[in-house]
Amino acid sequence: MVDELTKPGFEPETDGWLVFDGDTPVGYGWVSGKGDHHLLEMDVFTADPVVETYLLDEITRRSREIAREYGHSSVQLDVVVYRADETRRQRLSDYGFEAGTTFHRMRIDHDGPVPTPEVPTGVTIRRGAPDEASRRAAHNVMMQSFEGQFGFVARPFEEWHAAHENHSTFDWSQATLLELDGQAVALRECNDQFIEDENCGYIGRLCVLAEARGKCLAKFLLRDQFALDASAGRFGTILHVDTNNPTPALDLYLSVGMRASLVIDVWRLEVTGD
């Protein structure tokens with residue numbers, strides 16, 4: 001919650017709502033944007049459908065304000081819903097949301113030591129991003145690799161860097177870059193968000209520039225992280241993948257032994273600035 005309330009661009013006074021029944025908190029909602037704020041993310045937490053509707057109304061009202069502030073005729077509002085939560089899915093549908101895409105939480109279990117893979121020929125591995133140059137290289141790889149994917153918003157380096165600095169389960173030693181001919185072409189970012197609950201490593205981002213694909217760089221980064229997590233005593237490694245990814249990412253993760261452990265949908269509502 002500290003991360004959510006202090007992330008760059010989030011204004012608690014205008015972008016978050018806490019609902020009370022007397023002295024008891026019964027609902028919380030938030031909305032937040034990145035980059036040019038054409039795409040907004042939100043969530044609502046409550047067991048009361050009436051409170052949920054109130055929070056959705058407030059979030060859409062604020063979304064219209066954001067659209068006008070950034071000069072957009074409309075903005076896209078995304079919310080994550082677990083596939084198993086059929087009741088919530090129906091309520092969002094009734095409100096006007098439509099299914100956008102589906103993510104699978106992928107996992108591989110580590111029952112013992114995992115062999116460290118060989119670094120591909122001609123590739124230099126850079127573990128950690130301790131300085132601005134390495135972080136700018138990581139930013140460049142990520143922005144180019146994810147362009148055109150569902151929910152991706154390009155962000156300037158300063159905003160992207162501030163968000164990483166604010167993330168309490170991440171530090172720059174968890175970034176790994178691969179270079180070809182002195183140029184960064186692939187990135188893996190990990191964080192500790194699944195250690196406390198599941199004692200699992202988590203790959204938050206895995207990306208390879210288009211011109212460097214087909215060289216087994218992503219497979220190397222996956223197997224390398226599996227070995228690192230196993231040696232650290234982790235029970236497994238987790239990541240999320242968009243099943244509508246324009247690259248064959250899901251097939252890649254299945255090919256290295258990962259399996260889908262949870263299905264998560266993203267629902268989308270277009271909000272006009274009128």
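Reader: In which helix is Glu86 found?

Author: This is a predicted model, and in it Glu86 is found in helix α4, which spans residues 86–95.

Reader: Is Glu86 buried or exposed, and how should I read its accessibility?

Author: A residue counts as exposed when its relative accessible area is over 50%. Glu86 has a relative accessibility of 60%, so it counts as exposed.

Reader: Which residues does Arg88 touch, leaving aside residues up to four places away in sequence?

Author: With those left out, Arg88 touches Asp43, Val44, Glu52, Val79, Val80 and Val81. Among these, Glu52 belongs to helix α3 and takes part in the contact between α3 and α4.

Reader: How do the axes of α3 and α4 cross?

Author: The axes of helix α3 (residues 49–69) and helix α4 come within 12 Å and cross at roughly 45°, which makes α3 oblique to α4. The crossing of these two helices is right-handed. On the α3 side the contact is made by Pro49, Glu52, Leu56, Asp57 and Thr60, and on the α4 side by Arg88, Arg91, Leu92 and Tyr95.

Reader: At what angle do the axes of α5 and α6 cross?

Author: For helix α5 (residues 132–146) and helix α6 (residues 157–166), the axes come within 11 Å and cross at roughly 105°. An angle from 65 to 115 degrees counts as roughly perpendicular, and α5 and α6 are therefore roughly perpendicular to each other. Residues of α5 in the contact include Arg135, His139 and Met143, while those of α6 include Phe157, Trp160 and Glu165. The residues of the contact of α5 with α6 divide into five nonpolar, two polar and five charged.

Reader: Turning to the strands, in what order do they form the sheet?

Author: As a general idea, strands of a sheet pair through backbone hydrogen bonds, either parallel or antiparallel. In this model eleven strands form an open sheet with mixed pairing, in the order β1-β2-β3-β4-β11-β5-β10-β9-β8-β7-β6. The edge strands are β1 and β6 (123–127), each of which pairs on one side only. Neighbouring strands of the sheet are turned by 25° against each other on average, with direction ignored.

Reader: How many bridges does β2 form with β1, and how many with β3?

Author: Strand β1 (residues 16–21) and β2 pair in the antiparallel sense over six bridges, and Gly16 has Trp30 as its bridge partner in β2. The two strands form a hairpin with two residues between them, where Gly22 in the turn has a positive phi of about 70°. Seven bridges join β2 to strand β3 (residues 39–46), again with an antiparallel run, and Tyr28 has Phe45 as its bridge partner in β3. The hairpin of β2 and β3 has five residues between the strands, and Gly35 in its turn has a positive phi of about 55°.

Reader: How many residues of β2 are buried?

Author: Strand β2 (residues 24–33) is mostly covered, with seven of its ten residues buried.

Methods: Residues numbered from 1 in each chain as written. Predicted model: local features only at pLDDT ≥ 70, side-chain atom pairs only at ≥ 80, totals over all residues. Heavy atoms only, no water. Buried < 20%, exposed > 50% of the residue type's maximum accessible area, 1.4 Å probe, protein only. Helix = DSSP H or I, 4+ residues; strand = E, 2+ residues; numbered from the N terminus. Pairing = 2+ DSSP bridges. Axes fitted to C-alpha atoms, helices over the stretch in contact; angles between N-to-C directions. Parallel < 35°, antiparallel > 145°, perpendicular 65-115°, else oblique. Left-handed = near helix turned anticlockwise from the far one by under 90°. Contact = heavy atoms within 4.5 Å. Nonpolar A, V, L, I, M, F, W, Y, C, P; charged D, E, K, R; others polar.
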